[in-house]
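Here are my notes on this one, point by point. Have a look at the model alongside them.

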Amino acid sequence: MYSEKVLDHYNHPKNVGTFDGADEAAVGTGIVGAPECGDVMKLQLKVEDGKIVDAKFKTFGCGSAIASSSLATEWVKGKTVEEALSITNSDIAEELSLPPVKIHCSVLAEDAIKAAIADYQSRQS
Amino acid sequence: MKPIYLDYSATTPVDPRVLSKMLPYFTQLFGNAASKNHGFGWAAEQAVDEARAQIAALIGAEAKEIVITSGATESDNLALMGVAEMYKEKGNHIITCVTEHKAVLDPAHYLETKGFEVTFLPVDKEGMVDLEQLEAAITEKTILISLMAVNNEIGTIHPLKKIGALAKKHGVLFHTDATQAVGKIPLDVIDMDIDLMSMSAHKMYGPKGVGALYVRRRKPRVRLSPIVHGGGHERGMRSGTLNVTGIVGFGEACRLAGLEMEAEAKQLAQMRDRLHQGLEAKLDYLYLNGHPAERLPGLLNISFAFVEGESLMMGMENIAVSSGSACTSASLEPSYVLRALGVGEDLAHCSIRFSMGRFTTEEEIDRTIEKVVATVTRLREMSPLYDMAKAGIDINTIQWAGH
C-alpha cells in the first residue's frame, strides 16, 4: 500500500528537529496545515550567502506527509533560495509515488518550503 | 513477528467449531431448504430450523421470529424501510441518533426523500442519547425508534431496557441494531421490549454473508413490507434461497456464545483494561473515547494527541486496528461518530480503536502496548504539536491556515 520510498522516509526520516533561537536572521520557518485537517508541517531552512545550508522539519500527519516533508528537507539542502522555490508538489509526489488521495501531502510540503523562504526573506529587510 | 489481530469489531475469524458444523452442508447436505418433497430438502430445512432456534435462544426470542438475511446491513434496511412502508398510514416519523451505523443512517436519509420525517437525536460526550430528549421527540406520527445497542466505534452501550419501556409506553416500535452486541452482552427481547433487532454472524465468530432480523410476533405483532421480493421465503419478509451453510454456522456461533459469553466478557474486559493501563503508564495526553463504564468489554478507543492515526497504524506494523483518522477513510473526513461526541477534529484524527476477541492473548496485549508506546513516542518527537503542548501553547488558540 505504501511505496518503498515513503516507507523509508517514514522509518528513517531525514533532518527531524528544530533550529534553536540562535542565528535568527539566517533561519526561515514555515508552518502550514492545521490539526483539524490531520496534518501540520513545520519546516525550517538555514541560509548562508543565498544558499540553503541546512534544513529541519517536524510533522504531524500521515506517513506520506512525514515522507513529503523529510524529502523536502533533503532536496532544499545545497540549493539557492531561488532553486528551492522551483520545487513543485508534483516533483515530490512523483519521487514518492504518492497515490492521488495523498497528493495534498506533497502540496503541503511545497507550501512549507515557500512559507519558510518567505519567512526568511522577511527577516532580511 | 506474527501479526496481531485487534480489529474484532470489524470482523472475527470463524471459530473452528463453527466451521466443522458447516462443512457437511457444502457437499453432502447441500439441499435447498425450500425443497419440500425430498430428503435433501428436508435435511437442509431441519438444519435451518435448528439454527434458527439457536439464534432465537441467544436473545430470548422464538425461532419463528427470526428472519434470515444476508447480514446486518440488510437487516437494518429491512427494519427501517419495511416498517416505514407498512405503517405509513399510521405515521411518517422515525427517531434515530447521529452515531448510528450508516446501515441505519442511509436508509433513514433515503426515507426522508420519500416523505418521512426523521429525528436524528444528538448524543452526549460519552455517546449516550438523552432519554428525556428521546421521549420529547415522540409525536403522534412516530412509528419507529431505531437506536443501536452498542456503538461500533466507541463501544458505548445504550440503555436498551429503558428505551424499550419508553417506546412501549408510547406505542412506538423499537428497532435496535445489535450487530456489535449479540454474543457479547446479554440481550433479551422480552425483558428489553425490543420489537426488531439486527444481527450479524461474522461479528461473533460465524461466517460472513449471513445475519438476521428479529421480528416480534406477539404483543405487538410486527408486520413488515419486504424489500426483496420473490419466492416468499421467511414468511414473505425476505425472499431468496436460504444460505444453509451460513445459517448453520450462525446457529452454532450463537450456541457457543450463549455458553461462553459470560466468562469471555470478563476476560475481555480485563484485557481491555490491561491495554488501557499499560498505555497510560507510559504515555501522556491520552483521551478515552466513549463511556468509561457502559462500554463493550474488549473495545478500547483512544486518541493519542499530537500523533495522526494513520501514521501510528503505519508504525504498528503487524498489529491490525482501526482509526477514526480521515486518512483512513475514503471521504477524507474524520469519524462522524467521534465528531458527534464533541471530540475535536484534531483528536478525531488521532484515534485508534483496539478491539479484542476470543482468540486474543495477554501476551499479544503486552506486545501491543510495547509497540504502541514506542511508535507514539517516536512520532511525538517528530510532531510540532507535541513541542507546542510541552511549551504550554494551547493549539486551539492558534489561527491555523486550513486547507
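1. Burial first, as it comes up several times: a residue is buried if 20 or more other C-beta atoms lie within 10 Å of its own, exposed if 12 or fewer, and partly exposed in between, with C-beta atoms placed from the backbone. Ser97(A) has 13 C-beta neighbours inside 10 Å, so Ser97(A) counts as partly exposed. The residue sits in the loop between α4 (89–96) and α5 of chain A, and its phi is near 50°, a positive value in a residue other than glycine.

2. Some housekeeping. This is a predicted model, in which local features need pLDDT of at least 70 and side-chain atom pairs count only at pLDDT 80 or more, while totals for chains, interfaces and linings use all residues. Residues are numbered from 1 along each chain as its sequence is written, and chains are lettered from A and ligands numbered from 1 in the order in which they are written. Helices (H or I, at least four residues) and strands (E, at least two) are DSSP runs, numbered from the N terminus.

3. Now the sheet of chain A. Three strands make an open, antiparallel sheet in the order β1-β2-β3; two strands pair if DSSP finds at least two bridges between them. β1 and β3 of chain A are the edge strands, each pairing on one side only. Neighbouring strands are turned by 15° against each other on average, direction ignored. (Axes are lines fitted to C-alpha atoms, for helices over the stretch in contact, and angles run from 0 to 180 degrees between N-to-C directions.) Eight bridges link β1(A) and β2(A), and Gly28(A) stands opposite Leu45(A) in β2(A).

4. Which helices pack on this sheet? α2(A) lies across β2 and β3 of chain A, at about 170° to β3(A). α5(A) touches β1 and β2 of chain A, and its direction makes about 145° with that of β1(A). Contact here is between residues whose C-beta atoms, placed from the backbone, lie within 7 Å.

5. α2(A) deserves a look of its own. The helix has 14 residues and reaches 20 Å from its first C-alpha to its last, close to the 20 Å expected at 1.5 Å a residue (the expected span is 1.5 Å times one less than the number of residues). How many of its 14 residues are buried? The count is 12, so the helix is mostly covered; among them are Gly63(A), Ile66(A), Leu71(A) and Val76(A). Just after α2(A), Gly78(A) takes a positive phi of about 90°.

6. On to the contact between the chains: 24 residues come from chain A and 23 residues from chain B. On the chain A side, β1 (27–34), β2 (39–48), β3 (51–60), α2 (63–76) and α5 (103–122) each supply at least two residues, and β1(A) gives the most, with four residues. By class, that side has 14 nonpolar, six polar and four charged residues. Ala, Val, Leu, Ile, Met, Phe, Trp, Tyr, Cys and Pro count as nonpolar, Asp, Glu, Lys and Arg as charged, and the others, Gly among them, as polar.

7. Chain B has an open sheet of seven strands in the order β2-β8-β7-β6-β5-β3-β4, with mixed pairing. β2 (66–69) and β4 (117–121) of chain B stand at the edges with a single partner strand each, so one side of each is left without a neighbour in the sheet. Four bridges join β2(B) to the antiparallel β8(B) (residues 211–215), with Ile68(B) opposite Ala212(B).

8. Chain B is divided into domain 1 (4–8 + 261–390) and domain 2 (16–257), with bounds that come from an automatic or database domain assignment. Their centres, taken over C-alpha atoms, are separated by 30 Å. The contact takes 18 residues from domain 1 and 21 residues from domain 2.

9. Last, some spots in the loops of chain B. The peptide bond from Lys219(B) to Pro220(B) is cis, with omega near -5°, and Pro220(B) is in the loop between β8 and α8 of chain B. Tyr285(B) is not a glycine, yet has a positive phi of about 55°. Thr361(B) counts as exposed, with 11 C-beta neighbours inside 10 Å.

Note on methods
Contact = placed C-beta atoms within 7 Å.
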